Amino acid sequence: MASDTSLASLSPTYILPEDMRPQLSKVSTLKSIPIIDLNEDLYSQNGDHGLSRIVHQVSQACEEYGFFQIINHGVPEELCQKMLTAITDFFNLPSEEKAQYFSTDRTKQVRLFNYHLKASEGQENIKMWSEAFSHNWHPLENCTNLLPKNPPQYREVFDEYAKEMGRLTNRLLSLMSLGLGLEKDCLVKKIGDNPRLRAQGNYYPPCPDPELTLGLSVHTDLNALTAVLQSEGVTGLQVITDGKWVSVDPVPNAFVVNLGDQIQVLSNGRYKSVHHRAVTNKEKLRVSLAMFYGPNPDTWMGPIEELIDEEHPPVYRRYRHSEFLEEFFRQEGTRRMVKDAFQLRNN
Ligand code: OGA
Ligand code: NI
């Protein structure tokens with residue numbers, strides 16, 4: 001891909017059919033996703049209990065948007081900057097050096113790859129205007145020595161970052177558990193032991209024609225919870241709210257948090273896993289780092305029993321997560337509707 005990025009016009013392998021193009025002029029700039037301040041002290045002064053206020057805000061955002069941004073989240077700003085620099089430096093390595101990581105084998109622990117969309121019969125797949133670099137972030141001691149040696153700080157910075165993100169994702173999952181009226185460790189327990197934690201860097205170079213292509217096609221995340229760190233000052237991520245595309249403007253020192261399909265299932269449809277995409281722009285490089293938290297393939301998933309009663313019959317059937325993954329890969333390259341395949345039709 002690196003060789004294509006200096007082109008003055010877009011190479012045909014990136015050009016989407018007309019009905020799949022982003023239609024950037026129709027993207028709403030009026031509305032965006034909620035920004036939630038996670039600093040509990042802020043609310044305790046006026047007698048309002050800080051925690052319950054945050055639980056309420058998170059819960060409302062999960063029900064209405066499936067997406068929100070968090071500020072005052074406790075992860076040191078300097079560490080986030082270092083992490084963004086390390087991942088950007090990795091993507092900026094010469095393509096010969098990056099080639100050792102390039103693989104189409106999705107079982108690879110550490111992997112550089114391109115996303116694509118399936119084209120119509122007889123045509124070549126359409127490439128997305130991005131590169132993705134993915135590896136585990138848990139258990140950390142098993143991943144660190146598989147990570148790139150170059151840039152030289154990558155391993156050390158990632159190690160520290162992953163520890164912080166472990167704490168943050170646990171805190172978010174307990175806020176969501178409380179929001180659903182459950183014990184605070186309920187979601188972490190249901191997602192289960194040996195969760196599958198993957199980190200994914202996304203690299204979107206400036207693009208000659210952002211109207212004709214996408215950086216990341218429309219999708220929902222298949223895991224349970226995602227926390228994204230993104231370049232400052234460049235927009236790209238867009239989310240569907242009320243049937244319209246809205247952009248998620250980067251807020252300094254914030255994370256974008258979104259729910260994946262497994263939380264939608266666990267919450268029996270109360271919390272939403274929402275379609276999103278990344279668009280490109282002509283001027284600026286954009287980099288993001290998504291930390292995915294999801295179940296192990298052996299774990300059983302299904303609506304949490306406490307959330308089911310006569311008024312709320314189960315919306316999804318139970319399944320082993322490996323089954324969900326199979327369906328996910330079966331739908332690869334399409335506008336995936338994986339969770340629909342696990343929906344019960346009798347309600
Ligand atoms: C993802 C994703 C958005 C972004 O990696 O699943 O949606 O802003 N990334 O790069
Ligand atoms: Ni995503």
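Modeller: In this predicted model, a residue is called buried when its relative accessible area is under 20%, and exposed when that area is over 50%.

Biologist: Does that make His276 buried or exposed, and at what relative accessibility?

Modeller: The cut-off for buried is under 20%. His276 falls below this cut-off and therefore counts as buried, its relative accessibility being 5%.

Biologist: Which residues coordinate the nickel ion (ligand 2)?

Modeller: The donors follow the spacing H-x1-D-x54-H along the chain. Two of them link distant parts of the chain, with His219 in strand 8 and His276 in strand 13, 57 residues apart. At 2.1 to 2.2 Å, the nickel ion (ligand 2) is coordinated by His219 (NE2), Asp221 (OD) and His276 (NE2).

Biologist: Is His219 buried or exposed?

Modeller: His219 lies in strand 8 (residues 216–219). Its relative accessibility is 15%, so His219 counts as buried.

Biologist: Where does an oxygen atom of ligand 1 lie relative to the side chain of Ser288, in Å?

Modeller: The residues that surround ligand 1 include Tyr204, His276 and Ser288. A polar side-chain atom of His276 lies 3.0 Å from an oxygen atom of ligand 1, and for an N or O atom in the side chain of Tyr204 the value is 2.7 Å. For an N or O atom in the side chain of Ser288, the value is 2.6 Å.

Biologist: Why are the buried residues of helix 9 on the same side of the helix?

Modeller: The buried residues of helix 9 (residues 321–330) are His321, Phe324, Leu325, Glu327 and Phe328. They lie on the same side of helix 9 because the arc they cover around the axis is only 160°.

Biologist: Which elements do these buried residues of helix 9 pack against?

Modeller: On the other side of helix 9, Glu326 and Arg330 are exposed. The buried residues pack against helix 8 (261–266), strand 15 (300–301) and strand 16 (319–320).

Biologist: With which side chain does the side chain of Glu327 make a polar contact?

Modeller: Glu327 lies in helix 9 and is buried, with a relative accessible area of 14%. Leaving out residues up to four places away in sequence, Glu327 touches Val338, Ala341 and Phe342. The polar contact, at 2.9 Å, is with the side chain of Arg330.

Biologist: Which residue does a cis peptide bond join to Asn150?

Modeller: Most peptide bonds are trans. One cis bond runs from His138 to Pro139, with omega near -15°, and Pro139 sits in the loop between strand 6 (131–136) and helix 5 (140–143). Another has omega of about 0°, and its second residue lies in the loop between helix 5 and helix 6. The residue joined to Asn150 is Pro151.

Biologist: What is the phi of Asn268?

Modeller: Most residues other than glycine have a negative phi. Gln23, in the segment before strand 1 (35–37), has a positive phi of about 45°. Asn268 lies in the loop between helix 8 and strand 13 and counts as buried at 10% relative accessibility. The phi of Asn268 is likewise positive, near 55°.

Note on methods:
Residues numbered from 1 in each chain as written. Chains lettered and ligands numbered in written order. Predicted model: local features only at pLDDT ≥ 70, side-chain atom pairs only at ≥ 80, totals over all residues. Heavy atoms only, no water. Buried < 20%, exposed > 50% of the residue type's maximum accessible area, 1.4 Å probe, protein only. Helix = DSSP H or I, 4+ residues; strand = E, 2+ residues; numbered from the N terminus. Arc of directions from axis to C-beta. Contact = heavy atoms within 4.5 Å. Donors = N, O, S within 2.8 Å, 3.2 Å for Na, K, Ca; no water. Near = heavy atom within 4 Å. Polar contact = N/O pair within 3.5 Å; in protein donor to acceptor, adjacent residues only side chain to side chain.
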